[in-house]
Each structure stands twice: as C-alpha cells, then as structure tokens.
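Please consider the model below with its sheet in view.

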Amino acid sequence: MRLFSGPLSMFGAKVQIAAHEKNIDFELVMVPFTMKEGYAPKHPEVLRINPKRQVPVLIDGDLEIFDSTQIFEYLEDIKPHPALWPATSAARAWCRRLEHESDEVYFPHIIKLMQLWKTPLDPAAELARAGAAAYYRTMESVLDDRDFLGGAYSFADIAFYMAQLFGARWGADMTSETPRLLQWRQRMTARPAVIKVVGPMTDYLRGQGLSVPAFLPSKAT
C-alpha cells in the first residue's frame, strides 16, 4: 500500500492519521512541494490517477483511488477494527455528516483566509473569521459532555482536527469562548497517531520559518 501526500496536505494527513490509528502498514510518498512553487512538478502517479491532480492518492495492489473520505472508507472496510465509525447506522450517518461539514461548511472559511493572507483586514476575511467562530460555537454544543464529536472517537474528529489546525494557522483559532472544544483539541493532540503526523508537519513549517499554533508539539516524535 502506497499513500501519496504532501508535507502540508490537510487531506493527506487525515488519511495518515486514520491508517496509523488502525495500525495499517503503508509506504508514505511525499510528493514534490515548495512554499514558492506549491505542488510542482506534479507527481506522475498523482496525475495519472486523480483527474483533480491533487493528493492524497492511494495505491493498494490493483486498486487506485483518491479523495480522503473515499480512502478512509476503504481503510475502514479492509480493517474494521479498531473501528473509526460508530456501530449503529444513525450514529455512523451523524459522524459522516460531521466529517462532511468539516470539509464543506467550515473549511471554505479557511480557504478564503488563505486567499486573503496579504489583506487580513479585508471585509471578506473578517466575514470568514466570523464564519469559523460560528462553526466553533456549533461544535461546542455538539460536544456537550462527550469526549469526542460523535461520542466515540471517529474519523469525524480526525477531519475536524486537521481542518481547525489550518484554521488556527490562518488566523481563525479557537478561543476561550469554546472551552469544551479546547479540551477536545488537547485530547486529540495527545493521541500517538496524531502526533506521528502533525509532528513532521510542524517541523516542516518551522524549517520554512513559518509560525506554528502553540498547541502543536514542539518537535516530531
């Protein structure tokens, strides 16, 4: 099994964490990436498999797939235990909704902040930060008195953790307004599978002279 990702790929990191949580052996292939040129030149296997020309891409024998959610579903099928979706149909559907909202409702605000990084006071940037803050308040109510978003630890937690990490990097961090969510983030950051992935990511950022959110580990482990 080979997983193609990048040093700052949020979606690739989601898959990496899930594979580590399940103790699935895989070869990690980091595609060419620089802060100046981005993903260039494009890796030939990524170009061949993914029409969107993006990581992550997974090759497992004759199977070639892309998209982090699709890859995760495959990992869950081939190794159901430890499970990263809940046992009941309704709970699984809820967690799938949370995972989808993380990508499609929350993360667009962060993409907007990435696009406007030179003009953080732009009204559109202010609106994006307000949108992210509103989503944090929603997730605070979702957590209630539970340790994880869906009750038990799931891919929904992995997805939102990685998305909010990028939110913190781009000026839309959580605040004391959402104390349960901050505690959830501490629990997530302490997980060995998470540290194994975000540690090298923070090392890469620091190596490029870029700031790193304070909640992240000081070095790779």
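Contact here means heavy atoms within 4.5 Å. The model is predicted: local features need pLDDT of at least 70, side-chain atom pairs count only at pLDDT 80 or more, and totals for chains, interfaces and linings use all residues. Residues are numbered from 1 along each chain as its sequence is written, and side-chain values use heavy atoms, with hydrogens and water left out.

Helices (H or I, at least four residues) and strands (E, at least two) are DSSP runs, numbered from the N terminus. Four strands form an open sheet of mixed pairing, in the order S2-S1-S3-S4. Strands S2 (27-30) and S4 (63-66) stand at the edges, each with a single partner strand, so one side of each has no neighbour in the sheet. Two strands pair if DSSP finds at least two bridges between them; S1 (residues 2-5) and S2 do so in the parallel sense over four bridges, with Leu 3 opposite Leu 28 in S2.

Axes are lines fitted to C-alpha atoms, for helices over the stretch in contact, and angles run from 0 to 180 degrees between N-to-C directions. Helix H3 lies across S1, S3 and S4, at about 135° to S4, while helix H1 (residues 10-21) lies across S1 and S2, at about 150° to S1.

Within H3 (residues 68-78) is Glu 76, which counts as buried because its relative accessibility is 10% (buried means under 20% relative accessible area, exposed over 50%, partly exposed in between; 1.4 Å probe, protein chains only). Ile 59, in strand S3 (residues 57-60), is likewise buried, at 8%.
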